[in-house]
Amino acid sequence: MSAYRFVMNGFKRLLGQAPNLPQPVSSLPPDQLVSHQPRIISRGEHNISRKYINRNAVRVLYRLKEARFQSFLVGGGVRDMLLGRIPKDFDIATDATPEEISGLFRNCRLIGKRFRLAHVHFDEEIIEVATFRARHNSHFKPDEDVENHDDQNRIFKNGRIVRDNIYGTFEEDAWRRDFTINALYYNIYDFSVVDYTGGVEDLNARLIRLIGDPLQRYQEDPVRMLRAIRFAAKLDFTIHPESAAPIYDMGRLLKDIPSARLYEEVLKLFLSGHGWKSFELLEQYKLLSYLLPHFEKYFSRSKDLIQAVLQNTDERKQQHLTVSPTFLFAALLWTAVEETAKQLATEQSLNIFLALNEAAYSVTNQQHKRVAIPRRLILGMKEIWMTQPRLEQAWRSKKALVLVNQPRFRAAFDFLVLRAKVNPDLKEIADFWEMLFLASPEHRPDLLNPPPIAQPTANKRKKRRRHPFKKRTTATID
Ligand code: ATP
Ligand code: MG
């Protein structure tokens, strides 16, 4: 924010006036000077009502207003409410600096290195409050392999913003956002919606459109490609052709994104209720291999299982059931682990458990470099994988009675059921475990020696022995 603007806002506060919407500023890059005056959608012309806004967010909005700061709801909250959807979270934007925000709320913590943000803590949730930020003036050189600064506060590396703490005006804040539909502001002073970038029009046309020059905006932050896909999947919108075209070429920029950030994005893409659609779009835009490095090699063999896990996750989400990242990643990587284990078992004459263990180590190590799956999840994934051959070998045997009672059984069994969905050879085995699991403990032994009519046919037994994974290895049940 310029010194002049800062001082003027200070005066307005002293005089007890609500700060006005700022006038257009000339410091915006030329491509952004198209919309000087925002479109204001007044209270009566839109469907957002305070009763649909989370009450803690309303409290924060009003506290900022009482202190005479500008105070807006922005981002997904406004977008989703305008679409008649229930927002996932509510973000707030203001001209108060993080320190000023912190002074207003006892329960406030300042976080973030890349972007400095205020987190206002309530018992059950956190409301994020961001100070208006400006976009840079685009005089950096995107291909330079060095860090460069466009002023004291924003740092670029290879054209990517790595730190960005320049405060700006309200209008500048709108232009630096990613997509037009994410740059709509609900003003707590008069309950209007403020639209600088054409977001309302794009909402009506169901379009995801990057603000500004797409090449430059993806270069600044390649994660915007994943966000475009996520919003297209979530809202069932189309990515505007000009925002879509560069993605095919620019996917490689995702290699430079820290793996911890990609982990968060992958969770949002796959565990938010639109996982399968996201996956299909990632495939269409050729981005999958930047998230799942093994995927290309095992593409044809793994796709059915991935489809099954993602559709199952989407259904669970719709029914408000829990979804598990461990289970998701176990499925995403299973084919790579299984195929690598088969190869190791053949080449090094390892038993299947040793081979699986080594394969799991190698696959998760490579995956971790790209998408930082937390270690505790990897432990859970390994347990699911290592229990698969046990479930395949111990069914109907006495060992089944022990296995069914072990804590690791449930997740591994669910995973076997998932595999059986795409591999009919496993159906009979999965059915057995389900029967055993559902039976009362005293009836379980009977299921190991069923009456003749329920016994598997000789044919079926043979089929089990012919299971390809077991035949090619020297597996033994331990
Ligand atoms: P969701 O429903 O997933 O929360 P959202 O649009 O609110 O969607 P957030 O990640 O919560 O997404 O971000 C809040 C807002 O911050 C966005 O709507 C957008 O205006 C802005 N934003 C987030 N990430 C970026 C980015 N990488 N570049 C520019 N603006 C961003
Ligand atoms: Mg949000």
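Visitor: Which residues of helix α12 (residues 275-284) are buried?

Guide: In this predicted model, the buried residues of helix α12 are Gly275, Trp276, Ser278, Phe279, Leu281 and Leu282. They pack against α8, α11, α13 (288-291) and α14 (295-318), and just after α12 comes lysine 286, with a positive phi of about 60 degrees.

Visitor: Why is α8 called roughly parallel to α11?

Guide: The axes of helix α8 (residues 223-235) and helix α11 (residues 259-270) come within 10 Å of each other and cross at roughly 10 degrees. Angles under 35 degrees count as roughly parallel, and therefore α8 is described as roughly parallel to α11. On the α8 side the contact is made by Val223, Leu226 and Arg230, and on the α11 side by Arg261, Glu265, Lys268 and Leu269.

Visitor: What classes of residue make up the contact of α8 with α11?

Guide: Sorted by class, the contact of α8 with α11 has three nonpolar and four charged residues, with no polar ones.

Visitor: What makes methionine 225 count as buried or exposed?

Guide: Methionine 225, whose place is in helix α8, has 28 other C-beta atoms within 10 Å. A residue is buried if 20 or more such atoms lie within that distance, and therefore methionine 225 is buried. Leaving aside its neighbours within four places in sequence, methionine 225 is in contact with Tyr218, Ile247, Met250, Gly251 and Leu287. The C-alpha atoms of methionine 225 and tyrosine 285 are separated by 9.3 Å, although the two residues stand 60 residues apart along the chain.

Visitor: What makes arginine 390 count as buried or exposed?

Guide: Arginine 390, which lies in helix α17 (residues 375-394), has 20 C-beta neighbours inside 10 Å. The definition asks for 20 or more, so arginine 390 counts as buried. Between the C-alpha atoms of arginine 390 and leucine 403, 13 residues apart along the chain, the separation is 8.4 Å.

Visitor: Why is arginine 396 called partly exposed?

Guide: Arginine 396 has 19 other C-beta atoms within 10 Å. Burial needs 20 or more and exposure 12 or fewer, with partly exposed in between, and so arginine 396 is partly exposed. This arginine 396 is found in the loop between α17 and α18 (399-403), and its phi is near 70 degrees, a positive value in a residue other than glycine.

Visitor: What makes arginine 206 partly exposed, and where is its place?

Guide: Arginine 206 has 13 other C-beta atoms within 10 Å. Since exposed residues have 12 or fewer and buried ones 20 or more, arginine 206 is therefore partly exposed. Its place is in the loop between α6 (199-205) and β12 (207-208), where arginine 206 has a positive phi of about 55 degrees although it is not a glycine.

Visitor: Why are β1 and β4 said to stand at the edges of the sheet?

Guide: The open sheet of eight strands has the order β1-β11-β10-β2-β3-β6-β5-β4. Both β1 (39-41) and β4 (108-111) have a single partner strand, so one side of each is left without a neighbour in the sheet. From one strand to the next the twist averages 30 degrees.

Visitor: Which strands does helix α2 (residues 55-66) lie across?

Guide: Helix α2 lies across β2, β3, β5 and β6, and runs at about 150 degrees to β2.

Visitor: Which residues are around ligand 1?

Guide: Among the residues around ligand 1 are Gly75, Gly76, Lys88, Asp89, Asp91, Val223 and Arg224. By class, the shell around ligand 1 has two nonpolar, three polar and seven charged residues.

Visitor: How many helices and strands are there in the chain?

Guide: There are 23 helices and 13 strands in the chain, and of its 478 residues 38% count as buried.

Note on methods:
Residues numbered from 1 in each chain as written. Chains lettered and ligands numbered in written order. Predicted model: local features only at pLDDT ≥ 70, side-chain atom pairs only at ≥ 80, totals over all residues. Axes fitted to C-alpha atoms, helices over the stretch in contact; angles between N-to-C directions. Helix = DSSP H or I, 4+ residues; strand = E, 2+ residues; numbered from the N terminus. Parallel < 35°, antiparallel > 145°, perpendicular 65-115°, else oblique. Contact = placed C-beta atoms within 7 Å. Nonpolar A, V, L, I, M, F, W, Y, C, P; charged D, E, K, R; others polar. Near = placed C-beta within 6 Å. Pairing = 2+ DSSP bridges.
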